[in-house]
Amino acid sequence: SVVLFGVVLFNYGTFNDKLALSSAGQEIAITVRQAQSYGLNVKEAESGSGDFKKAYGVYFSPNDPYNYYIFVDKNSNNFYDVGTGSCGSVTTECVEQFLIRDGVRISSICAYVSNVLTCPPIGANHLHVTFLRPNPDANINFTSSPASGLTHASWPTAGIRLISPKSTTTVVLIEQTGQVYSQ
């Protein structure tokens with residue numbers, strides 16, 4: 001019975017690890033859909049501004065492995081510009097910050113290069129995905145620094161590789177068509 005208890009306990013830990021990874025992937029997919037909805041449904045850039053012509057997007061970076069952000073692209077450069085102040089203030093593009101839970105983190109960002117998933121794309125450590133009305137398609141941009149530097153634009157597919165505390169991985173893929181799914 002001690003051996004049986006050990007097997008059950010081991011499998012329970014593995015199950016929890018996979019569940020945490022799956023949950024994190026689903027939460028990211030929902031957040032990408034939320035940004036797409038903001039961009040397509042003409043959410044006002046700032047409350048009371050009357051500005052309804054800005055893209056909304058999601059920003060990911062393994063340099064900030066436990067967080068990702070919905071942002072409004074106030075200067076229309078297709079990148080998340082952090083600015084000053086806290087998330088949600090008028091001095092930043094950050095609309096909302098999301099925390100990846102249960103020890104899951106972003107291990108790398110990826111792009112399909114010649115039909116091969118490349119993690120990370122050469123010289124890129126930051127992923128910016130934006131949506132602008134009336135087009136439901138994703139604008140996928142990779143940069144070498146948070147909002148400037150070497151830019152790899154218009155990739156058909158981006159990925160966010162997640163890793164669990166037990167080193168299990170999954171990749172959340174974002175297609176240029178706006179489709180989001182885990183691989």
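**Entry 1, the core.** I started with the largest nonpolar core: of its 33 residues, Phe-60, Leu-127 and Leu-162 touch the most other members. For my notes, a nonpolar core is a set of buried Ala, Val, Leu, Ile, Met, Phe, Trp, Tyr and Cys residues joined through side-chain atoms within 4.5 Å. Buried means under 20% relative accessible area, exposed over 50%, and partly exposed in between (1.4 Å probe, protein chains only).

I then listed the elements that give two or more residues to this core: helix H1 (2–40) and the strands E1 (56–60), E2 (67–72), E4 (105–113), E6 (126–132), E7 (135–143), E9 (157–163) and E10 (169–175). H1 gives the most, with 8 residues. Helices (H or I, at least four residues) and strands (E, at least two) are DSSP runs, numbered from the N terminus. Apart from this core I found another, of 5 residues, including Tyr-69, Phe-71, Tyr-80 and Cys-94.

A reminder to myself: this is a predicted model, where local features need pLDDT of at least 70 and side-chain atom pairs count only at pLDDT 80 or more, while totals for chains, interfaces and linings use all residues. Residues are numbered from 1 along each chain as its sequence is written, and side-chain values use heavy atoms, with hydrogens and water left out.

What does Leu-127 touch, not counting residues up to four places away in sequence? I got Val-58, Tyr-59, Phe-60, Ile-109, Ile-140, Asn-141, Phe-142, Ala-158, Gly-159 and Ile-160. Contact here means heavy atoms within 4.5 Å.

I looked at E9 next and found it mostly covered, with 6 of its 7 residues buried. E4 and E9 run antiparallel and are joined by 6 bridges; Ile-109 stands opposite Ile-160 in E9. E9 also pairs with E10 in the antiparallel sense, over 7 bridges, and there Gly-159 stands opposite Leu-173 in E10. Two strands pair if DSSP finds at least two bridges between them.

The hairpin of E9 and E10 has 5 residues between the strands. Ser-167 sits in that loop and has a positive phi of about 70° although it is not a glycine. Ser-167 counts as exposed, at 53% relative accessibility.

Numbering the bonded cysteines in sequence order, the pairing is 1-2, 3-4.

Cys-87 and Cys-94 have their sulfur atoms 1.9 Å apart. The torsion about their S-S bond is about -70°, so this disulfide is left-handed. Cys-87 is partly exposed at 31%, whereas Cys-94 is buried at 5%.

Cys-110 is joined to Cys-119, S to S 2.0 Å. With 105° about the S-S bond, the link of Cys-110 and Cys-119 is right-handed. Cys-110 is buried at 0% relative accessibility, and Cys-119 is partly exposed at 24%.

I checked for cis peptide bonds. The one from Cys-119 to Pro-120 is cis, with omega near -10°; Pro-120 lies in the loop between strand E5 (116–118) and E6. The bond from Arg-133 to Pro-134 is cis too, with omega near 10°, and Pro-134 is in the loop between E6 and E7.

Last, Ser-76: its phi is positive, about 55°, although it is not a glycine. I place Ser-76 in the loop between E2 and strand E3 (94–99), partly exposed at 46% relative accessibility.

Definitions and conventions:
Disulfide = S-S within 2.5 Å.
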